[in-house]
Structure formats: C-alpha cells, structure tokens
Amino acid sequence: MMVTTHPQAAFPRSLRVRASADYGRVFADCRRVHGKAWRLHVQLRTAQPSGEADRDVPRLGLAVSRRVSKRAVERNRIKRTGRESFRRVAASLPPGDYVLVAKPEAATCDNAALRADLERLWARVATLNPPGGDGTMPRDAAAAPAGTAS
C-alpha cells in the first residue's frame with residue numbers, strides 16, 4: 001500500500017533549515033521566544049535581491065534531543081507537532097529562519113498542549129521588530145555607559 005501526502009501537508013526542502021552552518025548562524029545571532037514546552041530561536045531576514053527569491057520564505061529547523069525523551073517515538077511525535085504547526089502559520093510569518101528547540105517538559109505534554117504553546121509563540125513572533133531597526137535609542141547613546149559625560 002502506497003501512502004501519498006497531500007500537497008498542502010508536504011514539508012519541502014525549501015522550507016527547512018538543514019545545514020549545520022545555518023543552525024549555527026541562527027543560534028549565534030537570533031532572538032529567543034520561550035514557551036512552556038518550546039524555545040523558539042528566530043532570525044528574521046530583510047528582503048533579498050531578486051536572484052534569491054527562495055530566501056524570502058520562512059524556514060523551520062527542529063531540535064529535539066534525547067534529553068527531552070529517550071524514546072524516539074516521543075521525539076518524533078514532538079517534531080511532527082512542530083512541523084504541523086509551522087505549516088499552518090508559515091504563510092503569515094515574516095521571512096526568516098525559525099528553529100524550534102523542545103524543552104524536556106515537551107515529553108510530558110499532550111499534542112493539544114504542544115500546539116497551544118506553539119500558537120502563543122507564533123503570535124509573539126508576529127510582534128517582533130524587523131531586523132535592522134534602529135530601536136528607540138541612537139546607537140551612540142546605547143553604547144555609552146550610564147553616568148559618563150561626553
């Protein structure tokens with residue numbers, strides 16, 4: 001019996017963070033959003049030149065270690081829940097790399113609790129400022145320690 005995947009349920013390579021260097025870049029320079037069962041590392045991108053149109057989509061990476069659960073069945077269940085949630089919201093996310101890291105608490109959560117936690121994380125990601133923003137303070141003032149006179 002051959003099982004086929006519905007086209008909308010597919011998770012193509014273009015939507016995945018795959019290379020170790022990509023994971024390293026996200027972990028080194030990212031924003032973190034924490035939930036009860038997940039930690040989401042977000043590295044947003046600005047608009048890319050027309051030659052790199054494939055980089056204008058959000059990409060997902062997953063990290064579920066043996067520390068979360070010794071059982072591969074549990075780790076795979078957690079990953080499936082993360083992928084499913086990402087597929088549902090990917091169209092509304094800004095371009096960037098998103099790496100979901102499962103916390104040990106994820107193994108004790110049922111699928112509904114994992115999905116609810118992810119929904120809260122995706123809502124918080126939508127409120128993040130785009131990269132390259134200057135923020136509320138000029139760079140010179142932010143770099144100077146408090147109480148020093150120039």
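This is a predicted model: local features need pLDDT of at least 70, side-chain atom pairs count only at pLDDT 80 or more; totals for chains, interfaces and linings use all residues.
Arg45 has a relative accessibility of 13%, so this residue counts as buried. The side chains of Arg45 and Asp97 form a salt bridge, with N and O 2.8 Å apart. This pair joins distant parts of the chain, since Arg45 is in the loop between β2 and β3 while Asp97 is in strand β4, 52 residues apart.

**Salt bridges**
- The count of salt bridges comes to 8.
- Asp97 has a relative accessible area of 2%, so this residue is buried.
- A network of salt bridges links Asp22, Arg25, Arg45, Arg59 and Asp97.
- Arg71 and Glu74 also form a salt bridge, with 3.9 Å between the closest N and O atoms.
- Another salt bridge joins Arg88 to Glu84, at 2.9 Å between the closest N and O atoms.
- Arg88 and Glu84 are 4 residues apart in helix α2, so about one helical turn separates them.
- Arg88 counts as exposed at 62% relative accessibility, whereas Glu84 counts as partly exposed at 25%.

**Helix α2**
- Helix α2 covers residues 72-89, has 18 residues and reaches 26 Å from its first C-alpha to its last.
- The buried residues of α2 include Glu74, Arg77, Ile78, Thr81 and Phe86.

- Asn111 lies in helix α3 and counts as partly exposed at 29% relative accessibility.
- Leaving out residues up to four places away in sequence, Asn111 touches Arg77 and Thr81.
- Asn111 and Thr81 are 30 residues apart in sequence, and their C-alpha atoms are 6.7 Å apart in space.

How values were computed: Residues are numbered from 1 along each chain as its sequence is written. Side-chain values use heavy atoms; hydrogens and water are left out. Helices (H or I, at least four residues) and strands (E, at least two) are DSSP runs, numbered from the N terminus. The expected span of a helix is 1.5 Å times one less than its number of residues. Buried means under 20% relative accessible area, exposed over 50%, partly exposed in between (1.4 Å probe, protein chains only). Contact means heavy atoms within 4.5 Å. A salt bridge is a side-chain nitrogen of Lys or Arg within 4 Å of a carboxyl oxygen of Asp or Glu.
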